[in-house]
Each structure stands twice: as C-alpha cells, then as structure tokens.
Amino acid sequence: MHWFYLVVAGLLEVAWAFGMKHTDGFTRLWPSVFTIVTMIFSFALLSVALRALPLGTGYAVWTGIGAVGTAIVGIAFLGESTNVFRLLSILLIAAGIIGLKVAPGS
C-alpha cells in the first residue's frame, strides 16, 4: 500500500507543478488554491509512504514521477520540445524509477 501512496504522491506532484504554471506567481486565486492543496496532499502521502519505504528510494521515485510526469504534461499540453535528446532523457529517468522499484530491499 505504501507504493500506491508514493505513486499517488508523485502524480499529485505533477498536478501541482502544472498548477503552479498557471498561478502567475501566486497572483491568481483558484490556480493558487489548487496548487497549494495538491502540494499539501502530495507531501502528506509522501510522508505516509516513507513510513515503510527507504528514504532514498521513496524520495527518488517521488521526484522521478514528478519529473517524468511534468515533462510529459509539458509536451502534451504546453507545446514543449520533443527532440530526441529530451525524450531519451525522460526514458532514462523512467528507467531509474523502475530500477529503484525492482531493486532488492526496496
């Protein structure tokens, strides 16, 4: 169940990063509220997941999901670059996340 919490926390990290893009420096109310609420839930679920998961693994997976997910959202919704080097880099981060999940002791 802790891995589930970690994945949801990572997805919420993607949500708050996307939301932050729309806050205009926290000057727009509803995007700011959305961003702050998703941040709180993301950190709370990360904290719950870290009760049972190793710190290094949990934090790396959380930030990895956030990095990969945010890059994909940027490409899909914000027209960000899809050059080969960028896509390969995203795949390498995803491979690292999978490696941490399947590594002994995770």
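Me: Which residue has its charged end over the ring of Trp3?
Reply: This is a predicted model. A Lys counts as sitting over a ring if NZ is within 6 Å of the ring centre and within 35 degrees of the ring normal. Here the charged end is 4.7 Å from the centre of the Trp3 ring, and it belongs to Lys101.

Me: How many aromatic pairs does a search of the whole structure find?
Reply: Ring centres must lie within 6.5 Å to pair. With that cut-off, the search of the whole structure gives 4.

Me: Is the pair of Phe43 and Trp62 stacked, edge-to-face or tilted?
Reply: The ring centres are 5.5 Å apart and the planes meet at 50°. Stacked needs under 30 degrees and edge-to-face over 60.

Me: Which helices hold Phe43 and Trp62?
Reply: The two residues are 19 apart in sequence, so their pair ties together separate parts. Phe43 lies within residues 29-49 and Trp62 within residues 55-78. The helices are α2 for Phe43 and α3 for Trp62.

Me: Is Trp62 buried or exposed?
Reply: Buried means under 20% relative accessible area. Trp62 has 4%, so Trp62 is buried.

Me: Which residues form one aromatic cluster?
Reply: The cluster is Phe43, Tyr59 and Trp62.

Key. Residues are numbered from 1 along each chain as its sequence is written. This is a predicted model: local features need pLDDT of at least 70, side-chain atom pairs count only at pLDDT 80 or more; totals for chains, interfaces and linings use all residues. Side-chain values use heavy atoms; hydrogens and water are left out. Rings of Phe, Tyr and Trp (its six-membered ring) pair if their centres lie within 6.5 Å; planes under 30 degrees apart count as stacked, over 60 as edge-to-face and the rest as tilted. Helices (H or I, at least four residues) and strands (E, at least two) are DSSP runs, numbered from the N terminus. Buried means under 20% relative accessible area, exposed over 50%, partly exposed in between (1.4 Å probe, protein chains only).
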